[in-house]
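Me: I'm new to this one. Can you walk me through it once it's up?
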Amino acid sequence: MGLFSRKKKEERAEEVSFEDPLLQALLGTTSVTKSTAMQIPTVAGAISLIAETIASTPLKLYKEGDGQAEEVKGDVRTVLLNDDTGDTLNANEFWKAIVRDYFLGKGGYAYINKAKGKYKSLHYVDETYVTIQKNTDPIFKDYDIMVNGKSYKPFDFIKILRNTKDGASGTPITADHSKIIEVAYESLVFESNLVKKGGNKKGFLKSAKKLTDPAMDALKAAYKKLYGNNEENVVVLNDGIDFQESSNTSVEMQLNENKTTNSSELSKIFHVSPALISGTATELDMSSLAKLAAIPLMITIQCALNKDFLLEKEKGVFYWAFDTKELLKGGLLERYQAYEIAVKNGWKTRNEIRFQEDDEKIEGMDVISMNLADVIYDIKAKTYFTPNTKQITDTSGGGEVVNKDES
């Protein structure tokens with residue numbers, strides 16, 4: 001034995017993806033996949049709505065200090081996230097792809113390309129090319145990310161993960177809600193087959209006497225032609241042969257009612273109103289999309305960016321945040337009523353409000369309205385100022401008046 005003990009090589013287990021088509025065929029599983037889920041209008045529509053909202057909301061970098069936040073402008077990372085990623089995808093397409101993988105795959109992955117410590121580009125990576133190699137310690141978790149056989153460290157990627165337990169990969173809705181998605185998909189398949197067969201029911205034939213082989217062959221050919229296309233075909237049944245139905249029509253199965261119910265249930269997964277999917281949304285439905293569906297995902301993205309898209313020396317001082325001002329503006333009347341309260345109570349100047357409404361600045365409007373009867377307290381100086389008497393009272397000195405109105 002040598003003088004120095006050798007470190008034992010850490011064992012890492014490779015995560016197997018059960019979405020692989022070959023593996024599914026071998027296991028005989030019928031679980032839904034990303035492609036089948038996207039064929040369901042409600043699923044595709046909800047993901048598209050959320051993705052569009054995320055992609056159209058700008059990300060900003062802020063620096064915190066002295067109890068206030070200041071926007072950092074001119075940083076190359078804001079350009080990568082909002083405009084040009086440096087990849088073949090622009091920022092809008094980038095976020096849409098990330099959101100799709102977030103809901104339907106193991107997560108949204110983006111490779112951070114650096115050169116000499118400086119950020120150069122941001123590259124979306126399809127989650128199907130990503131394999132996770134995790135260690136076996138359930139407490140001190142660690143992992144490597146494999147892409148096309150090449151190993152990367154966790155900090156090389158921005159990872160947007162849904163329902164993750166290890167910070168390496170998430171759980172798609174096709175795994176958490178496989179039954180409702182499978183039912184909705186099979187309903188579409190049933191409808192497709194029904195249309196192809198011209199609405200003809202399935203069934204079997206009953207004969208009172210034994211048919212000859214030529215008679216059976218002719219009957220089979222006639223029925224195959226009847227179900228094989230939508231042309232006007234006629235099958236003549238000989239005496240003693242009856243047709244017995246073995247399936248229900250779409251009306252008997254209440255297919256339309258079931259589709260409406262399934263659509264409503266699928267909408268709950270995404271916290272999206274069914275009215276948004278059907279195109280009959282109100283202002284309240286639009287507001288719920290932002291508050292219940294988009295903003296929670298934005299917070300997940302912000303946390304991921306603060307973890308992997310900041311330098312170590314920047315953490316705790318800088319942070320990423322979506323500019324959700326436009327999403328939460330509300331209706332015109334609602335905004336104007338809120339502005340009236342803000343101006344009346346001295347929270348905002350009129351020019352600040354004009355800026356929020358994209359109006360031009362007016363000289364002399366950078367003032368705050370105050371009531372002369374109000375008493376103003378300075379927290380730092382611990383003094384009261386009474387506007388109508390022009391007196392400043394020092395509370396730390398036992399209520400002594402610092403200045404007196406000598407007029």
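Reply: One term first: accessible areas come from the Shrake-Rupley method with a 1.4 Å probe, and for residues only the protein chains shown count as cover. On that basis the protein has an accessible surface of about 26300 Å², with 53% of it belonging to carbon and sulfur atoms.

Me: What kind of model is this, and how are residues numbered?
Reply: This is a predicted model, where local features need pLDDT of at least 70, side-chain atom pairs count only at pLDDT 80 or more, and totals for chains, interfaces and linings use all residues. Residues are numbered from 1 along each chain as its sequence is written, and side-chain values use heavy atoms, with hydrogens and water left out.

Me: How many helices and strands does the protein have?
Reply: There are 13 helices and 16 strands. Both are DSSP runs numbered from the N terminus: helices are H or I with at least four residues, strands are E with at least two.

Me: What share of the residues is buried?
Reply: Of the 407 residues, 32% are buried. Buried means under 20% relative accessible area, exposed means over 50%, and partly exposed is in between (1.4 Å probe, protein chains only).

Me: Which residues of α3 are buried?
Reply: In α3 they are Thr42, Val43, Ala46, Ile47, Ile50, Ala51, Thr53, Ile54 and Ala55. The helix covers residues 41-55 and reaches 20 Å from its first C-alpha to its last, close to the 21 Å expected. The expected span is 1.5 Å times one less than the number of residues.

Me: And where does α11 bend?
Reply: At alanine 294, by about 40°, and proline 296 follows within four residues. The bend is the angle between axes fitted to the seven residues ending there and the seven starting there. End to end, the 26 residues of α11 (283-308) reach 36 Å, close to the expected 38 Å.

Me: What is asparagine 306 in contact with?
Reply: Asparagine 306, in helix α11, is in contact with Lys315, Tyr319 and Trp320, leaving aside neighbours within four places in sequence. Contact means heavy atoms within 4.5 Å. Asparagine 306 counts as partly exposed because its relative accessible area is 24%.

Me: Switching topic: how many salt bridges are there?
Reply: A search of the whole structure finds 14. A salt bridge is a side-chain nitrogen of Lys or Arg within 4 Å of a carboxyl oxygen of Asp or Glu.

Me: Why would side chains pair up like that?
Reply: Side chains of opposite charge can pair when their charged atoms come close. One of the bridges joins lysine 60 and aspartate 323, with the closest N and O atoms 3.1 Å apart. That pair links distant parts of the chain, 263 residues apart: lysine 60 is in strand β2, and aspartate 323 is in the loop between β12 and α12.

Me: Is aspartate 323 buried or exposed?
Reply: Aspartate 323 is buried, because its relative accessibility is 18%. Lysine 60 is at 21%, so it counts as partly exposed.

Me: Which residues are linked in a network of salt bridges?
Reply: Lys34, Asp101, Lys106 and Glu127 are linked in one. Within it, the side chains of lysine 106 and glutamate 127 meet at 3.2 Å, N to O, and both residues are buried.

Me: What about lysine 153?
Reply: The side chain of lysine 153 meets that of aspartate 144 in a salt bridge at 3.3 Å, N to O. Lysine 153 is partly exposed at 38%, whereas aspartate 144 is buried at 9%.
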